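Here are my notes for your first look at this structure. Please keep the 3D view open and follow the points in order.

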Amino acid sequence: YGISETRVGDLPKLPRNVDPVLHPHAAQREYTAALNAVKLERVFAKPFVGSLDGHRDGVYSMVTHSKRLPVVISGACDGAIKVWNVTTKECTCSVPAHSGFVRGMGINQAGDQLLSVGDDQSDQNCGMLIKMLQNSTIDPPPLLPPRRC
């Protein structure tokens, strides 16, 4: 009686030939796998810097101000648009702009007009929001306290 290496339910072992003539693209696949591993390593190596807490629902769209580097404007699924100072991670202004998702936002090159589009099939020109940005001191840090526009 002999000892068998296989058990009931095991898949049969298939022979593997590592001859480079039969596998001409093995080196390229290995290089691609190594390159992808390095890219993933870089992605996960960056530390988490911080979060901008304040929206009641998920953020769907974001835009950066064209003239002021630390200003980020976010639009959420609940229809709110918030202006953030990224250096201090504070909300400087909040506007209930739409009755549904804020699907997209854009700011012109001059930085004086913000246009948002929402699920309520309306487009909003948030002039009050931009006026608050122009009158605020966002570039140097003490900021205006969060308030409704």
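1. **The aromatic pair.** This is a predicted model. The structure holds one aromatic pair. Its partners are tyrosine 60 and phenylalanine 101, and their arrangement is edge-to-face. The ring centres are 5.6 Å apart, with 65° between the planes. That angle counts as edge-to-face because the planes are over 60 degrees apart. The pair links distant parts of the chain. Tyrosine 60 belongs to strand β1 (residues 59–64), while phenylalanine 101 sits in the loop between β4 and β5.

2. Now look at the face of tyrosine 60: arginine 103 lies over it, 4.7 Å from the ring centre.

3. **The overall layout.** Step back to the whole chain. It has two helices and eight strands. From the N terminus on, the order is α-β-β-β-β-β-β-β-α-β. The chain has 149 residues, and 29% of them are buried. Take the contacts with a separation of 6 or more: 41% of them join residues 24 or more positions apart.

4. In soluble globular proteins, nonpolar side chains tend to be buried together. Here the largest nonpolar core has twelve residues, including Val63, Ile73, Val83, Val95, Ile107 and Leu114. Which strands each supply at least two of its residues? They are β2, β3 (80–85), β4 (90–96) and β5 (102–107). The largest share, three residues, comes from β5.

5. **Glycine 75.** Find this residue in strand β2 (residues 71–76). Glycine 75 counts as buried because its relative accessibility is 0%. Beyond its neighbours within four places in sequence, it contacts Val59, Tyr60, Ser61, Ala80, Ile81, Val102 and Met105. Glycine 58 is another one to locate: its C-alpha atom is 8.8 Å from that of glycine 75, and 17 residues separate them along the chain.

6. **Two buried serines.** Serine 116 is in strand β6 (residues 114–118). It counts as buried, with 0% relative accessibility. Its side chain makes a polar contact with the side chain of histidine 98, at 2.8 Å. Serine 94 is in strand β4. At 10% relative accessibility, serine 94 is buried too. Its side chain makes a polar contact with that of lysine 82, at 3.3 Å.

7. **The cysteines.** How many disulfides does the structure hold? The number is zero. Cysteine 91 shows the point: the nearest cysteine sulfur, that of cysteine 93, is 6.9 Å away. Cysteine 91 is buried, at 13% relative accessibility. Cysteine 77 is buried as well, at 15%.

Methods
Residues are numbered from 1 along each chain as its sequence is written. This is a predicted model: local features need pLDDT of at least 70, side-chain atom pairs count only at pLDDT 80 or more; totals for chains, interfaces and linings use all residues. Side-chain values use heavy atoms; hydrogens and water are left out. Helices (H or I, at least four residues) and strands (E, at least two) are DSSP runs, numbered from the N terminus. Buried means under 20% relative accessible area, exposed over 50%, partly exposed in between (1.4 Å probe, protein chains only). Contact means heavy atoms within 4.5 Å. A nonpolar core is a set of buried Ala, Val, Leu, Ile, Met, Phe, Trp, Tyr and Cys residues joined through side-chain atoms within 4.5 Å. A disulfide is a pair of cysteine sulfur atoms within 2.5 Å. A polar contact is a pair of N or O atoms within 3.5 Å; within protein, one must be able to donate a hydrogen and the other to accept it, and residues adjacent in sequence count only if both atoms are side-chain atoms. Rings of Phe, Tyr and Trp (its six-membered ring) pair if their centres lie within 6.5 Å; planes under 30 degrees apart count as stacked, over 60 as edge-to-face and the rest as tilted. A charge sits over a ring if NZ of Lys or CZ of Arg is within 6 Å of the ring centre and within 35 degrees of the ring normal.
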